[in-house]
Amino acid sequence: GYPLSIFFIVVNEFCERFSYYGMRAVLVLYFRYFLRWDDDMATSIYHTFVALCYLTPILGAIVADSWLGKFKTIIYLSIVYTIGQVVMAISAVHDITDTNHDGNPDNLTLHIALSMIGLLLIALGTGGIKPCVAAFGGDQFEDHQEKQRSTFFSIFYLSINAGSLLSTVITPILRAQECGINSQQKCYPLAFGVPAALMVIALVVFIIGSNMYTKTDPKGNIMLKVCKCIGFALKNRWRHRGNEFPKREHWMDWATEKYDNLLIAQIKMVLKVLFLYIPLPMFWALFDQQGSRWTLQATTMDGNFGAIVIQPDQMQTVNPILILVLVPVVDGLLYPLIEKCHLNFTPLRKMTVGMLLAAIAFVVAALVQIQIDTTLPNFPGAGQTQLKVLNMGDVPLTFDVRDTKDPILFLLYSFQDIGYQQILTKDLSSLSFTDGTNATSLSLTFQSGARQSLLINKNKQIKLIDDINSKPEQGNNAIRFVNSFSTTLNISTGAGNLGMIEPFSQSNYSLLKEGQNTFQIENGAIQCVASRSFGFGSSFTVIISEMCTTQDGEIPVNGIHFVEDIKPNTIHMAWQIPQYFLMTAGEVVFSVTGLEFSYSQAPSNMKSVLQAGWLFTVAVGNIIVLIVAEAAQLPDQWAEYILFAALLIAVCIVFAIMAYFYTYVDPTEIEAQFSKEDQKNELEMDKTQSNDYEDVDIKQTKI
């Protein structure tokens, strides 16, 4: 049967993976919209955190094998992990420093400091226990329970995928809710708090099973032994660098004075594989941008799938869903089909194909980004103003704008929206309009680098107002109202009461969610309603020119005018699915095959060394991202995608050349040869010792 203790280990792993991936799913948006970092800064810190998460497993393995043992290491680092998650949840509470109750933290430095402390503790915790939990689960089985152990690992990795999949679906939904004590904002405390609660459960469940576990004492860490052997070989080679010393076949042979030949041969095999790992970080540099750049790309897209609305950070769920589909298809259908075609699709060739697929995925992402860029507003630069004229009168107006360019002439009917006209602010010589009979010259001071609207009512009164100068964040819609009546209006929306709007004045912008929104408009004793469905990321100026005729009635269609300042996101999030498909296909071919290849080429006692090397390539890949994000400073995001794709293709060519010259080995056979040689040497030593004993006997007889 199965040890009861594995139940606690599987539940612990499910909760821990839910905690990690749930927190990580919303992390880049937390950086972007709560801490107010730009895209590059948010991406850099995100990948620094991920890199730390893949560097600390080496530390965790050394601590567990050389000092505390797996059980105590898991317990102690899980406590650190839990504290980190709690600190992250606290850091996201905007009310801590929101003294003026406007919904924005007034002391971002405190929130940033708490976030960095929390992430550091999480990286230490999740990375430290990563190499311990699976191995600790394997320790619960006896030697004769190979079948049960194999089943356990299948269930164990299923719990990892289940935890990551569920958390990536759930935590973005929690983030999208609004919460707060004094003001309602995106609920990052809940999005981080639920993963923190799951980590508490993971720790409690693991502790409950304490008395049932089989606990092994630390036996020393093979990585330390390998590092010492390599260090001795390098030092010994340096001491014997002169020409008077005979050369040796391999530089590791300089360790034979202190270490046995079998260990040296095993390290040689490991070094051959680690040498092939050198190009691999570039793959992970692209792969892990699913949680950063691709999530930020999704924020500028339309997430309405009809029955459901997908949050930008939920698009990451496409990856684990596709993994569940593609792994059996590739293993059970594609590989056997290739084999029947008698194609020699070696593990290294599979990895090369995986890298190419990832590069193509980024080319597709670049094409999607180019399409997105065509839908984004083109805001004015320095010395320019984008002017929109809103004719709130009853008769058409003809406008004449003069600057150093050709004159701008346009006819504007009542409440007609013809969009923004770009003018050169410093070179503007005249601005006038005519209603067909009377001409009016305007003397206005425009703001450089801004968008502004010029309101003209039926009495020919004018008012210049500032428009929103950036696309609304997080898919919200920025809506404001203009009162064209001679009396005061009181307007309420789903976001709250906008207050009293004086005649010929405008309200502040109010952020509304995607979907159907209803407005209540009061004009004295009359109360009317109006409704409108909004997409993602748009901005409208709403002009009310006519009230309803009955109490609580609908404002007539021609009585409310929605003037579009910024278009909504029109590129659908579904266009990200091809790039996710290509990246996931690349992951299945690259990652699964890479681990399989590494294990097949590693000696039995060196698997953990290669596992550490594999995780190290992931860490280096994330470091590459933050270097490129900070150093490249490319003006267009699509260009950065192309840059990463080009770098991976170049690295892929290098890897293909390295793979071509690689010779596959059988570690078991090599170890067996050394075992035979050791046995032969032992027999010869025994024989020599036996002859020596005979000589002694003879000599004694002669004496």
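1. Helices (H or I, at least four residues) and strands (E, at least two) are DSSP runs, numbered from the N terminus. Ile230 counts as buried because its relative accessible area is 18%, where buried means under 20% relative accessible area, exposed over 50%, and partly exposed in between (1.4 Å probe, protein chains only). Between the C-alpha atoms of Ile230 and Asp253 the distance is 9.9 Å, with 23 residues separating the two in sequence.

2. The model is predicted: local features need pLDDT of at least 70 and side-chain atom pairs count only at pLDDT 80 or more, while totals for chains, interfaces and linings use all residues. Residues are numbered from 1 along each chain as its sequence is written, and side-chain values use heavy atoms, with hydrogens and water left out.

3. Helix H9 covers residues 261–276, 16 residues in all. From first C-alpha to last, H9 reaches 23 Å, close to the 22 Å expected at 1.5 Å a residue; the expected span is 1.5 Å times one less than the number of residues. Asp260 caps the N-terminal end of H9, with a side-chain oxygen 3.1 Å from the backbone nitrogen of Leu262. Among the buried residues of H9 are Leu263, Ile267, Val270 and Leu276, and the polar Gln266 also belongs to that list.

4. Strand E3 (residues 384–391) is mostly covered, with 7 of its 8 residues buried. Two strands pair if DSSP finds at least two bridges between them. E3 is joined to strand E6 (residues 421–424) by 4 bridges in the antiparallel sense, and Thr385 has Ile423 as its bridge partner in E6. Strands of a sheet pair through backbone hydrogen bonds, either parallel or antiparallel.

5. E18 is joined to strand E16 (residues 526–534) by 2 bridges in the parallel sense, and Val529 has Glu554 as its bridge partner in E18.

6. Within that sheet, how many of the residues of strand E12 are buried? In E12 (residues 489–493), 5 of the 5 residues are buried, so this strand is largely enclosed by the rest of the structure. In a regular strand the side chains alternate between the two faces of the sheet. In E12 both faces are covered: Leu489, Ile491 and Thr493 are buried on one side, and Asn490 and Ser492 on the other.

7. The neighbours of E12 can be described in turn. E12 and E13 form a hairpin with 2 residues between them. These two strands run antiparallel and are joined by 5 bridges, with Gly496 of E13 as the bridge partner of Thr493. Strand E15 (residues 515–523) is also antiparallel to E12, through 3 bridges; here Ser492 is partnered by Gln520.

8. The loop between strand E10 (462–466) and strand E11 (477–483) holds Pro472. With a relative accessible area of 10%, Pro472 is buried. Pro472 and Ser538 lie 66 residues apart in sequence, yet their C-alpha atoms are 6.8 Å apart in space. Gln474 has its place in the loop between E10 and E11 as well. Its phi is near 60°, a positive value in a residue other than glycine. Gln474 is partly exposed, at a relative accessible area of 22%.

9. Although not a glycine, His342 has a positive phi of about 60°.

10. A nonpolar surface patch of about 670 Å² is made by Leu356, Ile649, Ile653, Ile657, Tyr660 and Phe661. Patch residues have over 30% relative accessible area and no salt bridge; like charges are joined within 9 Å, and nonpolar side chains (Val, Leu, Ile, Met, Phe, Trp, Tyr) within 5 Å. A salt bridge is a side-chain nitrogen of Lys or Arg within 4 Å of a carboxyl oxygen of Asp or Glu. Helix H16 (residues 637–660) gives the largest share of the nonpolar patch, 4 residues. Ile657 lies in H16 and, at 49% relative accessibility, counts as partly exposed.

Definitions and conventions
Polar contact = N/O pair within 3.5 Å; in protein donor to acceptor, adjacent residues only side chain to side chain. Areas by Shrake-Rupley, 256 points an atom, 1.4 Å probe, with all protein chains shown as cover.
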